[in-house]
Amino acid sequence: MISHPIPPVWNDNSKILILGSFPSVRSREEGFFYGHPRNRFWLILSQLLDEPVPESIGDKKKLLLLHEIALWDVIASCDVTGSADSSIKTVVPNDISVIINRAKIKRIFLNGRTAAALYSRYISKTVKIEAVYLPSTSPANASWTTERLKEAWTEILRI
């Protein structure tokens with residue numbers, strides 16, 4: 001069983017909550033979300049927000065908070081082989097009420113099918129905020145080009 005090593009990024013002004021499934025091996029090693037260099041999360045987010053691509057963890061946190069975005073994952077701990085979402089078992093979900101009860105979250109976005117499925121199974125029944133599936137920014141989602149992902153992810157701008 002591996003515990004999620006990265007605390008959520010949010011503050012009381014956060015209006016959007018983006019949830020992934022569980023950090024990849026690379027993200028766990030780096031100590032922050034979407035750490036794999038081929039993951040397109042930071043590239044797409046910065047393009048949509050018309051900001052430079054953040055390089056450091058501090059810059060990534062600033063980008064999120066400046067644009068009232070909270071970031072976390074659905075899973076608090078699980079059994080997982082490497083970084084493969086398909087291998088995730090024995091899921092313990094994160095308690096997102098910590099963020100929901102204090103911030104001004106208007107919509108929740110789920111980064112990828114695994115996050116969406118796990119959110120639906122473990123969390124959705126207790127949260128009364130619309131949750132929207134978005135295609136995964138992971139390099140494993142190679143059938144989605146960066147341009148197609150960016151187009152789909154424009155949904156986060158409609159708050």
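This is a predicted model: local features need pLDDT of at least 70, side-chain atom pairs count only at pLDDT 80 or more; totals for chains, interfaces and linings use all residues.
Colleague: In what order do the four strands of the open sheet lie, and is the pairing parallel or antiparallel?

Modeller: The order is 3-2-6-7, and the pairing is parallel. Strand 3 (69-73) and strand 7 (131-134) are at the edges; each has a single partner strand, so one side of each has no neighbour in the sheet. On average, neighbouring strands of this sheet are turned by 25° against each other, direction ignored.

Colleague: How many bridges join strand 6 to strand 7?

Modeller: Strand 6 (residues 107-111) is joined to strand 7 by four bridges, and the two run parallel. Within this pairing, asparagine 111 stands opposite leucine 134 of strand 7.

Colleague: Let us turn to the pockets. What shows where empty space is left?

Modeller: A probe the size of a water molecule is rolled over the atoms, and this shows where empty space is left. In this structure, the largest pocket has a volume of about 600 Å³.

Colleague: Which residues lie nearest the centre of the largest pocket?

Modeller: Of the 29 residues that line the largest pocket, Asn39, Ser83, Asp85, Ser136 and Ser138 lie nearest its centre. Helix 1 (25-30) and helix 5 (113-122) are the elements that give two or more residues to this lining. By class, the lining comprises 11 nonpolar, 14 polar and four charged residues.

Colleague: What is the volume of the second largest pocket, and how do the residues of its lining divide by class?

Modeller: Its volume is about 190 Å³. The lining has 14 residues, with His36, Pro37, Asn39, Trp42 and Lys60 nearest the centre. Six residues of this lining are nonpolar, three polar and five charged.

How values were computed:
Residues are numbered from 1 along each chain as its sequence is written. Side-chain values use heavy atoms; hydrogens and water are left out. Two strands pair if DSSP finds at least two bridges between them. Axes are lines fitted to C-alpha atoms, for helices over the stretch in contact, and angles run from 0 to 180 degrees between N-to-C directions. On a 1 Å grid over the protein atoms alone, a cavity is a set of points where a 1.4 Å probe fits but cannot get out, and a pocket is an open set with protein on both sides within 12 Å along at least five of seven lines; lining residues have an atom within 4 Å of a point. Grid points are joined across faces, edges and corners, and a volume is the space filled by probe spheres set on the points. Ala, Val, Leu, Ile, Met, Phe, Trp, Tyr, Cys and Pro count as nonpolar, Asp, Glu, Lys and Arg as charged, and the others, Gly among them, as polar.
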